[in-house]
Structures are given as C-alpha cells and as structure tokens.
Amino acid sequence: MLVATEIDRLAPDSASQTAGRGLAKPAKWECLARQETILWGKCQGSGKDPYLVRVDFGNPLGYKCTCPSRKQPCKHILALLYLLASHPQAYATDTAPDWVEDWLGNRRQQAERAQAKAAAKAAGDGPDTEAQARRIAAREEKVGVALAELRAWLEDVARQGMAKSALDQPEVWERTARRLVDGQCGALARRLQRMQALLADADGESLLARELSRMYLLLEAYGRQADLPEGLREEVRSLVGWTQEQASVLAQPGVRDIWCCLHASEEVQEDIVQHKAWLLGCASGRYASLLQFAHQSQAHTLQRLRVGTFLEGELCYFPSATPQRALIKAHAPVNRLPSWPVSGDHWAPVLERAARTWGLNPWENEIPALLTLRVHIEDGRLWLVDAAAQGLPARPCLRSGMHRQNLSGWTLAALSGGRPRPLFLTWNGSFAQVWSCQDSSQLIPLS
Amino acid sequence: MSTLQESLLQAMILGSPSWTGEAPPPDWPKIEGEAPRRLLLHLAVAQTLQAAGMKPRAFAPLEEARSAQAEEKAQVSPAAVEVLQEILRLEEAGLIGEWIGLAAARNLLAHPRHVPELLAWGEKRSAWHQQILHVSGNLGGWLLEQAPTLRQTYLVREEPPTIETATASAERWLAQPTEENLAALRKAWPVEAREFRQAVFRGLARNPGLLTVLSDLVEGSLKKDRSLESKWQAFGLSTLWPDHPTGQALRKAVEARLAKIVNFFGHRWKLTATEIIDEALNIAQWPATKTQPIKHGSWCQQHPQTTAIFRALPPPVYLHITDTKNFEQLAGLQMASDSDVAWLELLLLCATFWMNEELLLAVALQWKKSRNYPKPIFYENVKDLISRISSKTAMVMADVLVEKDSNATSIVHYMSMFPTPWPPQLSLGTVPAFVHEFTHKTLDRGTMGAAVRHWHPAALAAFLSTIAGKPVPNNLTESIVQAERRLRVHRAFDP
C-alpha cells in the first residue's frame with residue numbers, strides 16, 4: 001500500500017494531486033472494493049456513466065480508468081489510491097467484477113509475452129547474429145559520417161571564432177543536433193543541445209569554449225578506440241550514443257552494500273521522465289549514480305528513490321574507466337537503520353580523487369563527495385570552506401538576491417548558518433553543486 | 001586561470017588565426033595538425049589540467065568566521081514544518097501569512113530551511129516584516145547581512161507613532177480630562193493627523209461638557225480644517241453648543257427637515273414649509289411615501305448632501321431631534337417603507353461616523369428586518385461602512401446578527417472584507433446555515449471561499465466534521481480542500 005506522499009509522487013502534476021485529493025472522499029464513489037492486491041471503484045464524473053477505475057499493486061504497479069483524461073495516472077486513479085491511504089475501511093472485500101478481470105487478464109498476457117521474450121534472449125535464441133553485425137556495421141558508418149560533420153563544424157567554429165559563429169541562434173544548434181540524431185549519435189546530440197544553455201551563464205563564453213573543446217577531444221578519442229583501454233572505450237562509445245545493454249551490465253558481479261540515497265531528482269523532457277539519484281555505499285564508501293528513464297505514461301515503473309532513505313542490495317556499474325553509473329541488480333528493505341555515512345572534512349582527498357578521475361576519464365562531469373563544510377558568502381558568491389579553512393566556490397551565485405527561483409543557495413546558507421554541516425555535493429573542477437544537507441537526523445534535499 | 005589557458009579561450013572567441021600559439025609546457029602531449037584542431041585540443045588539455053589541479057583558497061579559520069548566533073527560541077513542530085512546506089509550494093499567500101502569525105504569536109521559530117523562502121515571500125509585504133523577522137530568529141538576521149538588497153527592505157526604521165496610537169491617546173486624555181491631559185491634547189493637536197482630531201471630536205460628542213473647554217479647537221476645525229470629515233464633525237458638534245449660531249441654525253434646519261417626513265416612527269409630523277431650510281441646506285426631497293420606490297442604490301447615495309448633514313449630528317442630538325428616547329423605539333420600525341429604510345441607513349451612518357457602538361448594535365438588531373431591502377443597505381453602504389469601522393465593532397455587530405433565523409451566509413460575505421480571523425462565536429454561529437446550504441446545494445463558491453478563509457478553526461472543524469461523508473458539489477471541492485489545509489495549519493500549532 002502506498003502512503004500519501006508516495007501517491008503525490010505518482011501524480012503527473014500538482015493540479016492532479018489537488019483534484020485527486022478532492023475526489024478522495026467515499027461519498028464521491030459509487031462502489032469501492034478490493035481483492036488482495038487489486039482495487040477498483042466507480043466514480044461519477046460529468047458523463048452519464050461512472051468511470052471505471054482499477055489499480056493492480058502487482059509488479060509493476062498498473063492502473064486504468066475509463067475517463068478521457070490524457071494525464072496518467074488521472075485524478076480518479078489518484079483518488080482511489082489516496083482513499084486507500086486515508087479510508088481503508090471504505091473498501092469492501094469482494095470478488096473482482098468482469099471489467100476488472102478482463103483488464104487483469106490483459107495484463108497477465110502482456111507480462112507473459114515479455115517474460116517469454118526475455119527467456120528466449122537469455123537462451124541465446126536471439127536474432128540472427130550476422131544480420132546484427134551488418135546492422136552494427138551500417139550504424140558505425142552512419143556514426144562516422146555524423147562525427148566527421150561534427151568535427152568539421154567544431155573546427156569551423158574554432159577557425160571563425162565563437163563570436164562570429166552565430167552560436168546565440170537556436171537553429172544553429174538544432175541543425176547540428178539533428179544531424180547527430182540522424183547519424184544515430186543521440187547522446188552526443190543531447191550533450192550539444194545542453195551546451196546552448198551555457199550561453200545564459202555570466203561565464204557563458206568560456207564555459208562553452210571548454211565544452212566544445214571537450215567534445216572535440218571525444219571525437220578524437222572515438223577515432224582511436226582501438227588504442228583506448230576497454231573501460232574508457234566503452235565510456236567513449238556510450239558518450240557518442242551506443243547504448244550498453246542493461247542485461248550485460250547486470251550479468252557482471254555487483255557491489256553489495258547498504259546504500260544511502262544522497263540525492264534524487266526528476267525532470268521531464270519531451271514526455272520522457274528522467275529520475276536521477278546518487279547513492280553512497282555505507283560500507284564500501286563507493287558512490288553510484290542511478291539514471292532511469294520512462295515515458296511519462298509509464299512513470300510509475302521508475303524505481304523512485306527518496307533522499308535520506310537506505311536500500312540494501314547489489315549494484316552493478318556500467319563499464320567505464322571511472323565507473324560511477326550503476327544499475328540496481330537486487331535490493332531488499334533495510335531491516336535495521338544504519339548510521340549515516342561518515343563524511344570527510346577536508347577538500348584535499350576529494351581533489352586528489354578528482355585529479356585521478358580526470359586523468360583516466362576527462363569526460364567525467366561530476367565528482368561526488370560527502371563533506372562537512374561551512375558556507376561562506378562573499379560578495380554574493382558562495383564558498384564551501386573545510387576544516388583547514390580551505391574553500392572552493394559553489395553554485396548558485398547569490399548575487400542576484402533572494403528570490404523564489406533562486407532559493408537553493410540561500411537554503412543551504414540558512415541550514416549552515418555559517419557553521420560546518422555535512423553536505424553532499426558534486427565537484428566539476430570549477431565549482432561545487434550541493435545537492436543535500438544533513439540537518440540533525442535528516443538529509444534535506446536542496447535541488 | 002593560466003595565461004596559456006586565457007590565450008586559448010581568447011582565440012576560441014576570436015578565431016584560431018588570432019591565436020599566437022604560445023608554446024605549451026614541454027610535458028604536454030604533442031598535438032599536430034591545423035590550427036583549429038590544435039586550438040581545440042590544447043584547450044581541452046588545458047582545462048582538464050586546470051580542473052585536476054584546482055587549489056582551494058584560504059579563508060579565516062572557523063573561530064574567526066562570523067556565523068549566525070545560536071537561537072534561544074524553540075522551533076515549530078514537525079507538523080508545522082510539513083504544512084509550511086506544502087503551502088509554500090502551493091504559494092497560498094493567505095495561509096502563509098496565517099502560519100507566520102501563529103508561529104510569531106507562540107514565539108516559535110521557522111525551520112532554517114524555510115527562513116530564506118519566508119524572507120523572500122515578505123520582500124514586498126512590509127506589513128509582515130516584523131513577524132517574519134520574529135519567526136526567522138538570529139538566522140534571519142545573519143542571512144539578511146549576507147543579502148544587502150533584501151536587508152535594506154527589511155531595515156527596521158524608526159516608525160513615527162501610528163495613527164492607532166495617536167487615536168488611543170486622544171481617547172485616553174478625554175476619558176480623564178485632567179489639566180495635564182488636556183494640555184497634552186492641545187500640544188498634540190496641531191501636529192497630529194485628522195484621525196486624531198476625529199477621535200477628539202468623537203470623545204467630545206460623548207462628553208459635551210468639555211466642549212466649552214475645547215471650543216477653540218472645534219471652532220478652528222469648523223473654519224479651516226483640511227479634512228472635510230473633520231469639518232463635518234465640528235459642524236455636528238456645534239449643535240451641542242446651546243449658543244452657537246451655526247449649530248443652532250443647523251439644529252433647527254434638521255428639525256424642520258424631519259418635520260416633513262410622513263410616516264416616520266409612527267409620528268405624524270406637521271408639515272410646515274420651510275423654504276429657508278431648503279435653501280440653506282439644499283436638501284433634496286425625502287421619499288414621500290412608501291409607494292415611492294428606491295430603485296437604484298440607497299437613499300443616502302441619492303442624497304449625499306442631506307446624508308452628510310444628518311450623519312454629522314452627534315447621536316445625542318440626533319436622537320433628541322428625532323424624539324428617539326431609547327433604542328427600543330428602533331424596534332418599532334417595521335421596515336415597511338422606504339422612509340424606514342432610509343432612516344435606518346442614516347442612523348447607521350451616524351453611529352459609524354461617531355463610532356457609537358451602542359447605537360450600532362441597536363441598528364444591527366434592526367438590520368435583520370431589512371432583508372427585504374438588501375440592495376440599499378447590504379450591498380452599498382454596509383460594504384463601505386464595514387471597511388471603515390473597526391473590525392472589533394463589526395465583529396460585535398456580526399455576533400448579534402448571527403442568530404438562527406439570520407442569513408448567515410450573507411453576513412459571511414460582508415465580513416469577508418476583514419483580514420482578521422473571526423471570533424469563534426461568530427464563526428460557529430454561521431456553521432449551521434452553511435451546513436444547511438451545503439446539503440441543499442445552494443452554497444456558492446465565493447461564500448464558501450470567504451468562510452474558509454476567515455472562519456475560526458473551531459468552525460472549520462465543526463463544518464468539516466458535519467459534512468464528512470456527504471457528497472461535495474463540484475464547485476465546492478477546491479474550497480473544502482482549502483478548508484482542510486487551513487485546519488491543518490492551525491492544528492499544527494494547536495493539536
């Protein structure tokens with residue numbers, strides 16, 4: 001059963017949350033019933049017939065409603081879940097009616113088809129390997145062409161200078177990114193599209209110049225894949241757009257630990273929900289970043305993690321020169337609450353780790369760290385100072401004042417009050433971005 | 001940033017031909033090819049090396065650093081933290097203000113994570129500054145030190161005495177008119193605002209014996225007060241002055257004016273044509289009989305000059321002239337004619353002008369009967385009056401009005417003009433009417449919304465528990481959710 005806050009997270013937006021809560025009154029429902037892990041109800045809407053709403057708590061969570069809303073889950077589904085949290089006694093125990101049974105039957109068939117497909121794959125009963133090799137070769141060719149065009153574009157920018165390359169015009173980026181997408185270099189296209197936003201930064205030109213040069217370095221590395229160590233080669237291919245099979249990642253031995261979630265965020269881009277989380281192994285001291293994607297309509301399938309929670313399980317890292325991204329192989333609830341991971345209080349070890357990482361993998365963007373630091377504000381700039389009174393700059397810049405849109409830095413300052421606090425941050429070589437702050441017994445997210 | 005990296009960045013902006021090609025250190029990888037390629041790869045190497053070799057800056061040690069002072073006050077409960085988080089997210093300004101007020105009244109601090117958001121919320125709400133600073137504690141002060149622009153906004157200024165303070169002084173001095181107090185009043189007279197003068201005049205209306213002592217002030221206002229309201233008050237006060245020529249002329253004029261009214265208080269006044277009065281006061285005609293309807297707006301609105309004159313009469317004079325010996329006589333009004341309605345309306349204006357609560361209450365009792373005349377009394381003048389009389393007085397009036405046979409939801413509509421939460425008695429008194437209208441689906445969203453915003457939490461709880469399980473009409477869904485949320489705000493402080 002879900003608690004209200006978990007249902008809140010299922011909602012596609014706050015309007016749905018409010019509407020769902022408004023409908024979560026037994027009097028609004030013609031019937032409410034449950035059978036083991038299945039819930040159903042009829043809710044009278046504006047139409048003649050009541051909407052038929054059903055939820056299956058099986059794995060994965062499933063739901064369906066006959067209302068015409070395009071939002072998924074709709075307010076009726078949310079209300080059915082809110083009602084279970086607030087008025088569980090309102091649900092009569094009953095046998096599922098036909099309209100619920102039919103839907104469950106469809107779900108079972110879908111699950112069986114997926115299982116059969118997975119089993120066939122595991123048994124090596126996959127597609128024709130020769131055909132697969134041909135497809136890969138064809139794609140390599142397309143990627144080669146796209147990368148050659150990108151290389152020429154980057155050299156043009158360097159030759160003419162950024163000032164004369166009309167980089168402030170969105171169509172320039174869109175056109176270049178589109179060619180990369182056509183050349184099946186999706187990851188590189190997304191990286192390029194993100195660069196455009198850098199120009200809005202006060203330091204935009206220099207940040208953009210650096211990113212363009214890093215991208216050029218990536219193209220160089222891709223051209224010399226054979227000379228690269230295996231981990232770095234995988235990393236470079238992945239940065240260009242070759243996906244690493246999750247099954248093969250999960251087939252590797254993982255790291256078992258109790259993992260603490262230090263950061264979790266979600267963003268939606270073109271109907272795709274991206275859930276990102278940073279975990280720290282309490283015993284291993286290893287960091288892991290989890291990235292999950294799902295279409296908005298399937299957002300409930302994401303394994304959402306919450307800041308400050310623990311999970312016990314095995315994580316498998318994607319092959320890389322500096323493995324950070326991981327997948328959850330298996331996990332279980334934590335029986336006893338572990339103590340918080342111990343934080344360091346000096347920058348020096350983090351900077352050493354960062355130097356080692358960038359020596360192996362210059363495209364690594366973020367070096368995670370849990371450090372006890374104090375916040376110092378100087379001329380509207382945020383600094384994080386360690387126990388040895390050594391400080392590094394942090395974002396966001398507070399110079400523009402205290403506004404609703406710019407509060408995370410001030411919230412960090414407030415939580416610190418100028419005194420040392422355990423902070424979870426990522427360091428990118430120029431500034432630190434703080435994601436959460438430990439306050440008494442809880443971890444407070446700042447993103 | 002090294003000079004090499006600077007020159008590389010400069011070249012990226014201006015173009016590789018501008019790159020002088022400063023030689024990289026000998027331990028750098030050898031990069032060959034055309035200038036753009038060399039420029040891009042040199043920059044990639046330079047920035048990787050710079051990031052990897054970043055050195056922190058030295059700061060003052062912790063002992064010397066300025067941090068927020070430790071707090072002495074306690075923090076709000078976790079439930080209050082949670083509910084504030086929710087209402088901040090929903091940007092519910094009314095509830096945020098209420099939350100701040102509840103926390104400040106209990107001398108509690110907001111959780112540090114919410115202090116910046118509360119400070120930012122209050123940036124353009126100066127009325128909340130003191131309370132926000134109160135709940136922000138020492139941390140709020142420290143944060144404002146770091147945010148100079150916002151600090152300027154919150155800077156505590158030496159405020160001049162408020163009008164409320166000055167008015168209270170005037171009332172206190174007149175209640176105990178010792179030589180010392182009267183001297184203080186005279187000293188304050190030339191420098192204080194018109195509200196002060198009006199408070200003095202109201203006091204004189206209640207204690208006409210002091211008129212002879214302070215006659216120069218009244219005379220002065222009558223001649224050259226910059227406030228028309230004060231001038232009218234001085235004019236009205238002069239009627240209490242037995243030998244004041246203007247006052248007596250006014251008194252006679254009003255008496256004569258009233259003599260023209262037919263069917264007034266059951267009296268039959270002798271009709272005497274007094275052209276002098278009409279000319280002098282330029283009085284428009286009263287409605288002659290009850291068959292002459294008041295179509296648009298109230299009588300008072302249609303006859304502003306007459307209204308001004310009648311309103312200016314201090315209640316004792318008014319009641320004397322109209323031969324109203326006690327307020328029970330008001331009960332004799334049947335509210336059957338336009339004259340009755342106009343009379344009540346004038347009385348209400350007079351009572352409000354002189355802040356005579358006794359008269360106000362008497363009028364309020366009578367007010368209930370005027371439901372057949374909602375337009376002139378309820379919607380026009382009352383709205384104006386309520387916005388001018390003190391909330392305390394209005395609440396007393398409303399308390400009287402809220403009886404089982406009164407139209408509670410209508411009262412709620414007028415009272416919604418007050419920002420203050422209503423007293424429990426008033427709020428609870430309206431609940432049965434709301435439940436009735438809710439059940440019969442005649443409650444409109446505006447009225448429900450007003451009640452939700454202003455009800456005392458006890459009334460919110462009573463209403464929500466009574467309607468629990470009943471179907472909520474679609475137009476009220478949002479209001480009910482807000483009612484629940486507001487109740488949670490209060491329960492977070494008073495579980």
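This is a predicted model: local features need pLDDT of at least 70, side-chain atom pairs count only at pLDDT 80 or more; totals for chains, interfaces and linings use all residues.
User: OK. What is the secondary structure of chain B?
Analyst: Chain B has 26 helices and 1 strand. Helices (H or I, at least four residues) and strands (E, at least two) are DSSP runs, numbered from the N terminus.

User: How much of chain B is buried?
Analyst: Of its 495 residues, 50% count as buried. Buried means under 20% relative accessible area, exposed means over 50%, and partly exposed lies in between (1.4 Å probe, protein chains only).

User: And how many residues of chain B are in contact with chain A?
Analyst: 62 residues of chain B are in contact with 63 residues of chain A. Contact means heavy atoms within 4.5 Å.

User: What area do they bury between them?
Analyst: About 5,100 Å², with 64% of it on carbon and sulfur atoms. Buried area is the accessible area (1.4 Å probe) that two parts lose on being put together, summed over both.

User: How many salt bridges cross that interface?
Analyst: The rule finds 4 salt bridges between chain B and chain A. A salt bridge is a side-chain nitrogen of Lys or Arg within 4 Å of a carboxyl oxygen of Asp or Glu. Lys25(A) and Glu484(B) meet in a salt bridge, at 3.7 Å from N to O.

User: How many residue pairs are in polar contact there?
Analyst: 16 residue pairs across the interface, both residues at pLDDT 80 or more. A polar contact is a pair of N or O atoms within 3.5 Å; within protein, one must be able to donate a hydrogen and the other to accept it, and residues adjacent in sequence count only if both atoms are side-chain atoms.

User: Which element gives the largest share of chain B's side?
Analyst: H2(B), with 12 residues.

User: What else does E13(A) run antiparallel to?
Analyst: E12(A), through 4 bridges. There, Leu382(A) has Ala394(A) as its bridge partner. In the hairpin of these strands, which has 4 residues between them, Ala389(A) takes a positive phi near 60 degrees.

User: Is E12(A) mostly covered or exposed?
Analyst: Mostly covered: 4 of its 5 residues are buried. E12(A) also pairs with E11(A) in the antiparallel sense, over 5 bridges. Arg374(A) stands opposite Val385(A) in E12(A).

User: Switching topic. Where is Asp225(B)?
Analyst: In the loop between helix H11 (215-224) and helix H12 (228-237) of chain B.

User: Why does Asp225(B) count as buried?
Analyst: Because its relative accessibility is 10%.

User: What does the side chain of Asp225(B) make a polar contact with?
Analyst: The side chain of Ser221(B), at 2.6 Å. Another polar contact, of 2.7 Å, joins the side chains of Asp225(B) and Arg197(B).

Notes:
Residues are numbered from 1 along each chain as its sequence is written. Chains are lettered from A and ligands numbered from 1 in the order in which they are written. Side-chain values use heavy atoms; hydrogens and water are left out. Two strands pair if DSSP finds at least two bridges between them.
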